[in-house]
Amino acid sequence: NNKGGRMMRFNKETDEITHIIFDMDGTLLNTEPIYTIATQEILEKYGKTFEWSLKSKMMGQKALDAAKILVDELKIPLTPEEYLALREPRQNELFLSCAPMPGATNLVTHFKKHKIPQSVATSSQARIFEFKTKNHQNMFSHFEHIVKGDDPSVAKGKPNPDIFLEVAKRWGVTDMRKVLVFEDALSGVEAALAAGMHVVAIPDPNNPSAPFQIADQVITSLQEFDPASWNL
């Protein structure tokens, strides 16, 4: 039982983390089930089901990229744009009641108390971000920068490192090894590593954990994260 995951590249004696970046969906906020509910309601009309194997390919992607994967795989008679237009009103209604992920509020509060700068890098588009965070203003007030998926400075979505590098640039951080990222999606873990940052993975329990072993540490929940093991 690998409680607390494993540490790989971070050396407690010589390395220092000065900045924290959180992914949002599935990391800070429990929004992933909402996509499933809203998508399944659309797919039922076409006699299709939204399987985990497909959902896992879509997680962490920009909305249009994820929609293309869905439409291509299930061969439904909708364009990716039409599918998103159908899904949006229902999901936005559901987003207003999404809850924080276990341990998220406490961890953000811990970093704030210890004056460790923290930001958010999310594939979410700005207008959908507003619905998701509407009832979590207190938590989100602690983030210095929030870069969203439709920000013009982010050319390519995760697994490309663009969004994480943009946050670092806004901070003026030049040594990426001083940044620790929290991510639940494999594409996000890959993006953080491509940026040269440290990363803690919190994969959904439905995901096989083997691919996530590329991360510095793999944990089952933010509640399991021990700041002291990272000198934080």
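Helix α5 (residues 104-113) lies across β1, β2 (118-121) and β4, running at about 155° to β1, where axes are lines fitted to C-alpha atoms, for helices over the stretch in contact, and angles run from 0 to 180 degrees between N-to-C directions. Helices (H or I, at least four residues) and strands (E, at least two) are DSSP runs, numbered from the N terminus. The model is predicted, so that local features need pLDDT of at least 70 and side-chain atom pairs count only at pLDDT 80 or more, while totals for chains, interfaces and linings use all residues. Residues are numbered from 1 along each chain as its sequence is written, and side-chain values use heavy atoms, with hydrogens and water left out.

**Sheet and helices**

- An open sheet of 6 strands has the order β3-β2-β1-β4-β5-β6 with parallel pairing, two strands being paired if DSSP finds at least two bridges between them.
- Its edge strands are β3 (146-147) and β6, each of which pairs on one side only.
- Strand β1 (residues 19-22) pairs with strand β4 (residues 179-183) in the parallel sense over 4 bridges, and Phe22 has Phe182 in β4 as its bridge partner.
- Helix α8 (residues 162-171) lies across β1, β2, β3 and β4, and runs at about 150° to β2.

**Nonpolar cores**

- In the largest nonpolar core, which has 32 residues, Leu28, Phe182 and Phe225 touch the most other members; such a core is a set of buried Ala, Val, Leu, Ile, Met, Phe, Trp, Tyr and Cys residues joined through side-chain atoms within 4.5 Å.
- At least two residues of this core come from each of β1, α1 (32-43), α4 (80-95), α5, α6, α7 (137-140) and β4, and the largest share, 4 residues, comes from α5.
- Apart from this core lies another, of 23 residues, among them Ala121, Val154, Ala192 and Val218.
- Contacts of Phe182 (heavy atoms within 4.5 Å), not counting residues up to four places away in sequence, include Phe22, Leu107, Phe111, Val200 and Phe225.

**Two individual residues**

- Asn207 is placed in the loop between β5 (198-201) and β6 (217-218) and is buried, with a relative accessible area of 14%; buried means under 20% relative accessible area, exposed over 50%, and partly exposed in between (1.4 Å probe, protein chains only).
- The side chains of Asn207 and Trp52 are joined by a polar contact of 3.2 Å, a term for a pair of N or O atoms within 3.5 Å in which, within protein, one must be able to donate a hydrogen and the other to accept it, and residues adjacent in sequence count only if both atoms are side-chain atoms.
- Phe131, in helix α6 (residues 126-133), counts as partly exposed at 30% relative accessibility.
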